[in-house]
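Reader: Hey, could you walk me through this one? I'd like to ask things as I go.

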Amino acid sequence: MLLLAAAPPENNAWQRLQTAVENHLGRPYSWGATGLKSFDCSGFVWRVMYDNGILVKRTTARKLWFSLPSVPPEEHWKAGNLVFFDNLKHVGIVNGPTSFYHAESRVGTNLSKFDPYWRKKVSGMRRIPRPGD
């Protein structure tokens, strides 16, 4: 009989976040929108957190930066962290060291690569709180 160990709670949290992200991919960009048909960048992040029972005030990327806990450098590219760009004018959700989810003005909600264009714009990372944090 094969026994499988339960996934660590942190892994389950990312799976739930990723499910919410994937439910909202392919939606058009609309400034100030929080879904369900369209999003801006911080509205997309807010919706993913809301869908996971993480209740934070709907706000801008800059205000999210100042309200969320920092991430140690060794965990920056960990899936589920928030990545901020362009002096805190844009925010996305890290998928891993090579990609992130976000609502991009000309594309809508999508998965983008951390290519040279995006890497040079990274301002920093923050951690999404877990329910109960």
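Reader: Which residues form the aromatic cluster?

Author: Trp77, Phe85, Phe100, Phe114, Tyr117 and Trp118 make up one aromatic cluster. Rings of Phe, Tyr and Trp (its six-membered ring) pair when their centres lie within 6.5 Å, and planes under 30 degrees apart are stacked, over 60 edge-to-face, the rest tilted. Keep in mind that this is a predicted model: local features need pLDDT of at least 70 and side-chain atom pairs count only at pLDDT 80 or more, while totals for chains, interfaces and linings use all residues. Residues are numbered from 1 along each chain as its sequence is written, and side-chain values use heavy atoms, with hydrogens and water left out.

Reader: Ok, how many aromatic pairs are there?

Author: Nine in the structure. In one of them, the ring centres of Phe39 and Phe44 are 5.6 Å apart with planes at 75°, so that pair is edge-to-face. Trp77 and Phe114 are edge-to-face as well, because their planes are at 80°, with the centres 4.9 Å apart.

Reader: What does the Trp77 and Phe114 pair tie together?

Author: Parts that are 37 residues apart in sequence, because Trp77 is in the loop between α3 and β1 while Phe114 is in the loop between β4 and α4 (116–119). Helices (H or I, at least four residues) and strands (E, at least two) are DSSP runs, numbered from the N terminus.

Reader: And is Phe114 buried or exposed?

Author: Phe114 counts as buried, at 8% relative accessibility. Trp77 is partly exposed, with a relative accessible area of 30%. Buried means under 20% relative accessible area, exposed over 50%, and partly exposed in between (1.4 Å probe, protein chains only).

Reader: What sits over the ring of Trp77?

Author: The charged end of Arg119, 4.3 Å from the ring centre. Arg126 has its charged end over the ring of Trp65, 3.5 Å from the centre. To count, NZ of Lys or CZ of Arg must be within 6 Å of the ring centre and within 35 degrees of the ring normal.

Reader: New topic: which residues touch the most other members of the largest nonpolar core?

Author: Phe44, Val45, Val48, Leu82, Phe84, Val91 and Ile93, out of 23 residues in that core. At least two residues each come from α1 (9–23), α2 (41–51), α3 (61–67), β1 (82–85), β2 (90–96) and β3 (99–104), and α2 gives the most, with five. A nonpolar core is a set of buried Ala, Val, Leu, Ile, Met, Phe, Trp, Tyr and Cys residues joined through side-chain atoms within 4.5 Å.

Reader: What is Phe44 in contact with?

Author: Beyond its neighbours within four places in sequence, Phe44 contacts residues including Val21, Leu25, Phe39 and Tyr101. Contact means heavy atoms within 4.5 Å. Phe44 counts as buried, because its relative accessibility is 0%.

Reader: What order are the strands in?

Author: The open sheet has five strands in the order β4-β3-β2-β1-β5, with antiparallel pairing. At the edges are β4 (108–113) and β5 (122–126), each pairing on one side only. Two strands pair if DSSP finds at least two bridges between them. Between β3 and β4 there are six bridges, and Ser99 has Lys113 in β4 as its bridge partner.

Reader: Which strands does α2 lie across?

Author: Helix α2 lies across β1, β2, β3 and β4, at about 50° to β2. Axes are lines fitted to C-alpha atoms, for helices over the stretch in contact, and angles run from 0 to 180 degrees between N-to-C directions.
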